[in-house]
Amino acid sequence: MTAYAALLVLSGVVLNAVAQLLLKMATNKVGVIEASSALSLGAMSALFLQWPMILGLFCYGFSLLIWLMALSRVDVTLAYPMLAIGYVINAFAAQYFLNEPVSLQRWVAIGVIVLGVALLARS
């Protein structure tokens, strides 16, 4: 993988992880979303007018464009598993920004994911 392709993959992964964090921030502001309220115009307006939701959707859209650029340069069997790096990013970000607890078991599992991605990247 070229340095440029790696940068595209990593940028897509980071933007996707940031989007997840922002969407979580938006849902935290409106509370639990039930299936019945998901169809409510008022509930969806409250959710989709939150700045984290708007910015999160923008990050998703931008990450999609970058991801397409990456996929045009890298085998999907190498690129797609790199999305697992987003788990690591979100674990740290959720703990820091959202005060979510991350147990030792979760950190060990994330370590296994990192090991798997590292092995894959070497192939």
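Which residues lie nearest the centre of the largest pocket? In this predicted model, in which local features need pLDDT of at least 70, side-chain atom pairs count only at pLDDT 80 or more, and totals for chains, interfaces and linings use all residues, they are Asn16, Gln20, Gly86, Tyr87 and Asn90, which belong to a lining of 18 residues. Residues are numbered from 1 along each chain as its sequence is written, and side-chain values use heavy atoms, with hydrogens and water left out.

A pocket here is an open set of points on a 1 Å grid over the protein atoms alone, where a 1.4 Å probe fits, with protein on both sides within 12 Å along at least five of seven lines, and lining residues have an atom within 4 Å of a point. The largest pocket holds about 350 Å³ of space, a volume being the space filled by probe spheres set on the points. Helix H1 (3–30) and helix H6 (85–97) each give two or more residues to its lining, and H1 gives the most, with 6 residues.

In H6, Gly86, Val88, Asn90, Ala91, Ala93 and Ala94 are buried (under 20% relative accessible area, 1.4 Å probe, protein chains only). These buried residues pack against H1 and helix H7 (104–121), and H6 is followed by Asn99, whose phi is positive, near 55 degrees.

An unreviewed UniProt entry annotates residues 43–71, 78–98 and 104–121 as "transmembrane region", and such annotations may be inferred rather than shown by experiment. Two of these spans are set out below.

Definitions and conventions:
Helix = DSSP H or I, 4+ residues; strand = E, 2+ residues; numbered from the N terminus. Buried < 20%, exposed > 50% of the residue type's maximum accessible area, 1.4 Å probe, protein only. Contact = heavy atoms within 4.5 Å.
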